[in-house]
Amino acid sequence: MSEIVVSVIIPTYNGGSLFEEVMDKVLKQKLKDGKQFEVICIDSQSSDGTYEYLVKKSQEDNRLKVYQIDKRTFQHGRTRNLGASYGTGTYIAFMTQDAMPYDENWLQELINPFSLDERIVGSYSKHLPYDDCDIFEKELLNQFFLSFGQDTTIYYIEDQEKYDNDDAYRSKLCFYSDNASAMRRSIWEVIPYPEVDFGEDQKWARLIIEKGYKKAYAAHSVIYHSHSYNFKQFYARYKEEGKSLYLIYHVKLVEGYLDLAKKLPYHILNDFKYLLGKYRAKQLKLKDVLYWTYFSIGKNTARYFGLLDGVKEGVHQDG
């Protein structure tokens with residue numbers, strides 16, 4: 001068997017039919033020069049047949065290795081480190097069970113930046129939204145990843161003073177997403193993922209950036225990844241985001257109730273202007289505008305109260 005270049009680590013829990021599609025796409029990846037990859041799944045006691053599916057799949061394809069842990073021991077950082085420890089690849093790729101490779105070149109494109117500079121120790125993929133993603137999240141996701149560049153882009157601290165004092169600059173340099181990412185095994189052995197419940201990818205990126213390493217946005221490595229949440233789920237998601245970003249960057253995305261009272265209606269108004277533009281361009285019907293306006297009110301209310309509560313929890317935890 002050829003040298004294993006990449007170990008792909010996927011934590012799983014009740015992945016369902018979408019994960020089966022993801023796994024099929026992952027196993028169809030093509031690497032240059034006949035090089036090989038392995039896939040390591042760490043299952044947290046799935047109850048929907050995911051584990052049984054993986055065991056059967058591993059019997060059909062020896063590139064797939066499956067392990068199971070007690071779901072009570074799962075932790076985003078620790079479980080990913082466990083998966084990495086089972087692999088042998090020169091590079092370690094991490095992905096989530098709901099991240100779908102766009103094509104068979106996703107993995108090769110993800111590791112390509114490492115050949116550009118030995119100081120590049122991490123890379124991450126471009127995200128595209130699924131069809132069922134809400135209209136606002138689609139626009140946000142597309143614009144967000146466009147802001148990183150249309151080609152492979154390398155990030156590192158070029159201006160220390162700006163990094164120390166500009167929250168937006170610091171956040172951009174430290175953004176990282178293990179929905180689909182890769183790192184050198186040699187750096188993982190020195191700087192593994194922090195063993196935290198949430199935001200392990202962002203914390204890791206900050207560690208390597210501040211130690212003088214570089215990360216790469218692999219714009220031609222593409223996955224589909226987005227969520228279709230209800231308002232309660234939005235609240236929980238943004239609460240975690242508010243908490244984790246405070247603990248990582250000490251940034252308060254919502255300063256307090258007065259700040260919330262300013263940001264919430266402003267965001268809803270901007271959403272309405274966006275919908276109105278779509279309506280005038282005949283890209284939406286009136287009933288669509290009404291529905292998405294209602295959705296914006298519910299989503300943004302959940303967002304800002306979630307962010308505020310997350311910041312409060314982060315401040316309390318930080319002591």
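Colleague: Why are α1 and α2 called roughly parallel to each other?

Modeller: In this predicted model, helix α1 (residues 16-27) and helix α2 (residues 50-60) pack at an angle of about 25°, with their axes 11 Å apart. Angles under 35 degrees count as roughly parallel, and α1 and α2 are therefore described in that way. As for the sense of the crossing, α1 passes α2 in a right-handed one.

Colleague: Which residues meet where α1 packs on α2, and how do they divide by class?

Modeller: From α1, the residues Gly-16, Phe-19, Glu-20, Met-23, Asp-24 and Leu-27 meet Thr-50, Tyr-53, Leu-54 and Lys-57 in α2. The residues of this contact of α1 with α2 divide into five nonpolar, two polar and three charged. Gly counts as polar and Tyr as nonpolar in this scheme, which matters for reading the classes of Gly-16 and Tyr-53.

Colleague: What makes α11 and α12 roughly antiparallel to each other?

Modeller: Helix α11 (residues 257-280) and helix α12 (residues 286-318) pack at an angle of about 155°, and their axes lie 9 Å apart. Angles over 145 degrees count as roughly antiparallel, and the pair of α11 and α12 is therefore placed in that group. The contact of α11 with α12 has, by class, 14 nonpolar, five polar and four charged residues, and α11 passes α12 in a right-handed crossing.

Colleague: How do you know that α5 and α11 are roughly perpendicular to each other?

Modeller: Helix α5 (residues 135-146) packs with α11 at an angle of about 95°, with the two axes 11 Å apart. The range for roughly perpendicular runs from 65 to 115 degrees, and α5 and α11 are therefore roughly perpendicular. On the α5 side the contact is made by Ile-135, Phe-136 and Glu-139, and on the α11 side by Asp-271, Tyr-274 and Leu-275. By class, this contact of α5 with α11 has four nonpolar, no polar and two charged residues.

Colleague: Turning to the second largest pocket, what volume does the pocket have, and which residues lie nearest its centre?

Modeller: The second largest pocket has a volume of about 220 Å³. Its lining is made up of 13 residues, of which Val-5, Lys-35, Tyr-91, Gln-108 and Ile-111 lie nearest the centre.

Colleague: How many residues of each class does the lining of that pocket have?

Modeller: The lining of the second largest pocket has five nonpolar, four polar and four charged residues.

How values were computed: Residues are numbered from 1 along each chain as its sequence is written. This is a predicted model: local features need pLDDT of at least 70, side-chain atom pairs count only at pLDDT 80 or more; totals for chains, interfaces and linings use all residues. Side-chain values use heavy atoms; hydrogens and water are left out. On a 1 Å grid over the protein atoms alone, a cavity is a set of points where a 1.4 Å probe fits but cannot get out, and a pocket is an open set with protein on both sides within 12 Å along at least five of seven lines; lining residues have an atom within 4 Å of a point. Grid points are joined across faces, edges and corners, and a volume is the space filled by probe spheres set on the points. Axes are lines fitted to C-alpha atoms, for helices over the stretch in contact, and angles run from 0 to 180 degrees between N-to-C directions. Helices (H or I, at least four residues) and strands (E, at least two) are DSSP runs, numbered from the N terminus. A crossing is left-handed if the near helix is turned anticlockwise from the far one by less than a right angle, and right-handed if clockwise. Contact means heavy atoms within 4.5 Å.
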